[in-house]
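Here is a short tour of one model, taken a sheet, a helix pair and an interface at a time. Have the viewer open and follow along.

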Amino acid sequence: MSKPLQSRRPGLYFPVLAVIFLSLLSATPVLANEIIQIGGTGTAIGVMKLLGAAYEKKYPAVHIEVLPSMGTPGGIKAALDGAIAIAVAGRALNDEEIKGGAVGVEIARTPFVFVTNEKNPPTGITSAELVNIYSQKTLAWPGGEPIRLVLRPARETSSMILKAISPEMENAMAIAQAKEGMILAATDQESAEAVAKIPGALGASTLTQIITEKQPLKVLALNGSRPSVRGLADGSYKLYKPIILVTTPKTPEAARRFAAFVLSAEAHPILENSGNLTGPFK
Amino acid sequence: MANLEDVTILLVEDDPGHAQLIEKNLRRAGITNTIVKLDDGQKCVDFLFKKGEYSGDDHRPPFLILLDLNLPVLLGYQVLEAIKGDARTKAIPVVILTTTDNPQEISRCYELGCNAYMTKPVDYEQFSEAIRKLALFLAIAKVSEKKP
Amino acid sequence: MQIAPQHLNNSTTAVQRITVLAIFATLLIATVLPLGYFLAVYYRELGAMEAEAKGDSFYVSALASENPRLWQYQQVRLQDVLDRRPHKGAMESRTVYAFDGKMVAESRDNLGPPLMRQTYPVLDAGRPVGTVEITRSLRPILLRTSFAALLSLTLGWVIFYLIRIMPIRSVQKAEAQSQRYARELEETNADLRAFIFGIAHDLRAPLVNLKGFSGELRSDLAGVMPELRLGLSALSEAERQRVAAVLEQAVPEALGYIDASASKLDSLVNAILQLSRIDFRELNLEEIDSEALVRVALQNFAGTIKEKNIRVTLGVLPYLIADRLVMEQSLTNLLDNACKYLEPGRAGLVSITAEQSKDAVIFSVKDNGRGIAADDIHKVFEIFRRVGQQDTPGEGMGLAFVKALVRRQGGNIWCESVLGEGTTFCLSLPVEGGRRS
């Protein structure tokens, strides 16, 4: 099992040192560092780290810890159990989660893109081609290189988004999932790594992940339109993955304050620069 | 008393040799009566009841019947049955004179009403003696006066 | 004489034993086979499940080791592992439980009870932090076991048939057949006996004539002898001699032979008739004091015994159920022989003993007479045979007669002898009065 990519956080050292130094200087007892753990979809890890860093600058006493990808359902469950403070979901909450007391707020939408290896020639793909590829009818790129699909677990949010594209896509996905020996990536990070490494690979990802994690991936145009935040905004690019902040009755006060921050206009630039479209959403 | 010389003895015997021996010994013992010899059972019955070839005959019934059992056409015991079963002939004494000494046969003949049963001994001395004794018996026997 | 064989019916001990064996074998097969099958399949399945659980647990354990606090929330990964279970064949459910028993993730099918489950712990650095559980329905196995049971039952029935029904049926068939043969044999025998009896009987009539007319001839010749003699005087000397030879020698001689032969023929016929009659007589079985019977029989020979100074000893002679006449006639016959065929010059010693076995009483009449040569022993019981020196009068029919009598009652008679030393006749009679006609 490969470790998720750790993004470097050089900026955090100084505020921490500063806090310690300052707390050592002042005689007042220092408040223990409030650690807010955030977990969930791997898509939002990058942007959450950025948001966390920004928040920490404002409130040095708080430390935002963004956990490695545990997937949307895991994250929500952990938040409901109080094991983590806030969950980040890549899909809308289901009834059970809502009944459990989870409350979700959509903070952004990021384009859902198809990616391939940088060395791979193609630059775009169509819906029809996708259906053929996933249903195993088309097995090679135009250049002859075999198409190596990087799949995600069936219940994972990305897979669900793919299935929701069209009924044909749903069938095609079923075929791909059923086939033996396909490449399966558990997390968003693993998926990105796989597509980057494997020749002829084809997978799905999100713009925000690619940008924030600086993944060496080639983003494919879908049906001729290049994915972008603007494209999402004006409707020329339709596929997207929502980023939903989830709080639960067990979410501590400090975490709620962070949530409020993320929802505020202060967070918008960070979000937008990281490949996200901010709300309000229709 | 009727004259003993007038009555006949009926000898029903199919073996001519035996018939001859019996007759010779009877004669030697002093019997002078007419001996009617018949050689099968049917003829005996016909003779007695004046049927068949004897119909129309006008003879007196015999005073004694010497009956062998191994007869052709009609068996001896059937003849015996017929004789003892009919009122006309019931009274006639019947002496069974035969080779078999089977006790069951003997019983049957007595049951059917025979008056005496004699086995023919093979020994000729004994045979002659037996016939002589029979003759003696006949000499003292009375004849029934009753007309049939 | 009829034979009544012992029927191989359902109550014979042998049949009972075979039935028990067959039932045992059938039950064994009908229960052991399906049971064995069930256990084999069940434990194999459990083993496979354990292996699967173990495999999954390795993966989950790795997750746990990496993420000790939050591994339970790795929903996607956990779900993925569980979902990768084989979907063909048996339906199953796989579940991961946390240490406190709370369900962490599951991938399930609808399983009908009864269920079989196998678990394997999730280990974080050797410490159990949860369990992986695989559950399958026991129903398919039970279904297959019931098929196996059905097959075993059929097999058991086949075995039962082979062990119990088929052999006994064939034995019964064979017996029925042998009974038929026996019946046919009896009928044939009966016919034969009736035939012999009939013939012997019919031989009498011609014998009467033979003797009769040879007697007549003799008496007739005697009657005319005086007249003949007168006539002879008219002949020449030579002619007279010739006629005289015929009349006084040849003719009487011829008649003598005819007569003698006819007498012999008669005695043979009588013997045959007497033997044949044995079968027609009904057996009259009663309890007999054999000692008393022997003593009475010995009285018949009292004269001979005293005259020849024979010593007679009696052993213990039992009570038994037999036909009185058969016993009297056979024992009398044996005693007669013992007293008759003494060795001159040796004091006669006759001993009569009895031995009792499970089924029969064996009487032995032993004498120290002249004995019978080994070559001649088998002729002893032949009809019309006499063995040894013919200086004592006897018909030679006695022992054949005795044998037939004894056989009639289901017994047997045999003899042992050493020439010059003595003879022992053994007579066995069944204890229960033997076969009934």
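This is a predicted model: local features need pLDDT of at least 70, side-chain atom pairs count only at pLDDT 80 or more; totals for chains, interfaces and linings use all residues.

Residues are numbered from 1 along each chain as its sequence is written, while chains are lettered from A and ligands numbered from 1 in the order in which they are written.

Chain C holds an open, antiparallel sheet of four strands in the order β2-β1-β4-β3. Helices (H or I, at least four residues) and strands (E, at least two) are DSSP runs, numbered from the N terminus, and strands pair if DSSP finds at least two bridges between them. Because β2 and β3 of chain C each have a single partner strand, one side of each is left without a neighbour in the sheet. β1(C) and β2(C) pair over four bridges.

| Element of chain C | Residues |
|---|---|
| β1 | 92-98 |
| β2 | 103-107 |
| β3 | 115-124 |
| α2 | 75-83 |

Helix α2 of chain C lies across β1 and β2 of chain C, at about 40° to β2(C); such angles run from 0 to 180 degrees between N-to-C directions of axes fitted to C-alpha atoms, for helices over the stretch in contact.

Now to the interface: twelve residues of chain C are in contact (C-beta atoms, placed from the backbone, within 7 Å) with twelve residues of chain B. Helix α3 (residues 139-233) of chain C gives the most to the chain C side, with eleven residues.

Notes
Two residues are in contact if their C-beta atoms, placed from the backbone, lie within 7 Å.
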